[in-house]
Amino acid sequence: MVARQFFQQFSLTASNSVTFPKQSGSTAAVIQKVAEGVEIPLDVTAYTSVNVVPYKIAHGFVITKEMIEDSLIPIQQDQLIRSALRFANKVDKDCIDVIGAGSGSSVAASGKSLAFDGTEFVISGSGGPGIGTYDIINAKAQVEQYNYMPDSLLVHPLAKTHIEKLPHFTSLMHYGEPILQEGLMQVPGKFGQILGLDAFSSTNCPTGSAYVISTGRTSNILGQYSPMGMFVERRPITTGIKALEERDSVGVYITARYAPVVLKGETICAIAGINVS
């Protein structure tokens with residue numbers, strides 16, 4: 001579940017929905033000077049809101065006693081692992097779909113980068129440009145113009161190969177901190193850093209898109225509270241087991257209720273049109 005970590009967790013315990021307030025107005029607004037004795041101006045910027053209703057996902061399977069008795073592998077454990085992967089993929093895909101739909105801006109991929117000798121070069125797929133450092137820099141600027149500090153980059157594994165070929169990525173390995181840092185794999189999907197961003201890959205990210213994100217886990221320039229979005233969880237992944245005596249089998253049922261939501265689209269910039277093949 002790579003993309004879930006971009007959202008702030010919100011556990012819903014007493015209702016079937018929750019309403020979040022959303023800031024409106026400019027994030028670049030400043031306080032005005034006032035003269036002595038003059039009435040202090042009031043901020044009357046209204047808040048908007050978004051209502052989130054968690055939905056349910058579910059999956060089940062049946063294991064016969066013959067399968068348990070005759071299998072050369074622990075069939076129950078194998079089925080649970082496979083179901084866990086499917087659940088993780090579903091949550092990850094839902095989070096990425098919400099990020100894509102909620103992106104506040106986008107830039108077209110050019111595949112351009114600047115080499116250490118000052119010359120430009122282009123990384124391309126068979127159908128056109130891939131993703132380069134110019135694209136990442138331009139996407140960061142789209143987020144930064146709203147006074148947010150981007151901290152994460154999400155790409156598909158095939159676009160990840162473009163990132164790993166960039167000198168700006170490999171130079172860390174040659175001249176700075178190693179990319180394969182101790183404990184790195186404990187962070188789902190993280191494969192390193194580039195241009196100040198933690199770089200993540202997920203198979204559920206569209207091959208032709210990448211996302212530069214300010215998740216809100218680091219303060220922006222003015223330090224205001226600015227979560228990219230919330231992961232509303234009404235029921236965590238729950239497993240139930242039922243004996244099916246009439247079928248001489250065991251039924252396993254897995255459910256969850258949740259909903260990811262983007263609160264500030266300005267914290268996301270999509271890089272579109274990446275060619276990876």
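## The cavity and its lining

Strand β14 gives the most to the lining of the largest cavity, with five residues. The model is predicted; local features need pLDDT of at least 70, side-chain atom pairs count only at pLDDT 80 or more, and totals for chains, interfaces and linings use all residues. Residues are numbered from 1 along each chain as its sequence is written, and side-chain values use heavy atoms, with hydrogens and water left out.

The structure holds one cavity of 30 Å³ or more. A cavity is a set of points on a 1 Å grid over the protein atoms alone where a 1.4 Å probe fits but cannot get out, and lining residues have an atom within 4 Å of a point. Grid points are joined across faces, edges and corners, and a volume is the space filled by probe spheres set on the points. The largest cavity takes up about 40 Å³. Its lining consists of Arg4, Val91, Phe231, Glu233, Arg235, Pro236, Ile237, Ala256 and Tyr258. Helices (H or I, at least four residues) and strands (E, at least two) are DSSP runs, numbered from the N terminus. By class, six lining residues are nonpolar, none is polar and three are charged. Here Ala, Val, Leu, Ile, Met, Phe, Trp, Tyr, Cys and Pro count as nonpolar, Asp, Glu, Lys and Arg as charged, and the others, Gly among them, as polar.

## The largest pocket

The largest pocket has a volume of about 580 Å³. A pocket is an open set of points with protein on both sides within 12 Å along at least five of seven lines. The pocket is lined by 20 residues, and the closest to its centre are Ser26, Ala29, Ile31, Asp43 and Thr45. The lining has ten nonpolar, eight polar and two charged residues.

## The four-stranded sheet

β14 and β15 also belong to an open sheet of four strands, ordered β1-β14-β15-β4, with mixed pairing. Two strands pair if DSSP finds at least two bridges between them. β1 (8–11) and β4 (55–64) are the edges; each has a single partner strand, so one side of each is left without a neighbour in the sheet. From one strand to the next, the twist averages 30°.

β14 and β15 run antiparallel, joined by 13 bridges. Met230 has Val261 in β15 as its bridge partner. Helix α2 (residues 75–102) lies across β4, β14 and β15, at about 15° to β15. Axes are lines fitted to C-alpha atoms, for helices over the stretch in contact, and angles run from 0 to 180 degrees between N-to-C directions.

β11 and β12 (residues 197–201) pair in the antiparallel sense over four bridges. Ile194 is bridged to Leu197 in β12. Contact means heavy atoms within 4.5 Å.

Strand β16 (residues 268–272) is mostly covered, with four of its five residues buried. Buried means under 20% relative accessible area, exposed over 50%, partly exposed in between (1.4 Å probe, protein chains only). β5 (residues 105–108) pairs with β16 in the parallel sense over four bridges; Val107 has Ile271 as its bridge partner there. β13 (residues 209–213) runs antiparallel to β16, joined by five bridges. Ile213 stands opposite Ile268 in β16.

## Ser113

Ser113 lies in strand β6 (residues 112–114). Ser113 counts as buried because its relative accessibility is 0%. Beyond residues up to four places away in sequence, Ser113 touches Thr119, Glu120, Phe121, Gly132, Thr133, Tyr134, Leu166 and His168. Ser113 and Val276 are 163 residues apart in sequence and 16 Å apart in space, C-alpha to C-alpha.

## The chain as a whole

The chain has five helices and 16 strands. Of its 277 residues, 40% count as buried. The C-alpha atoms fill a box of roughly 85 × 55 × 35 Å along the principal axes. Among contacts between residues at least 6 apart in sequence, 76% join residues at least 24 apart.
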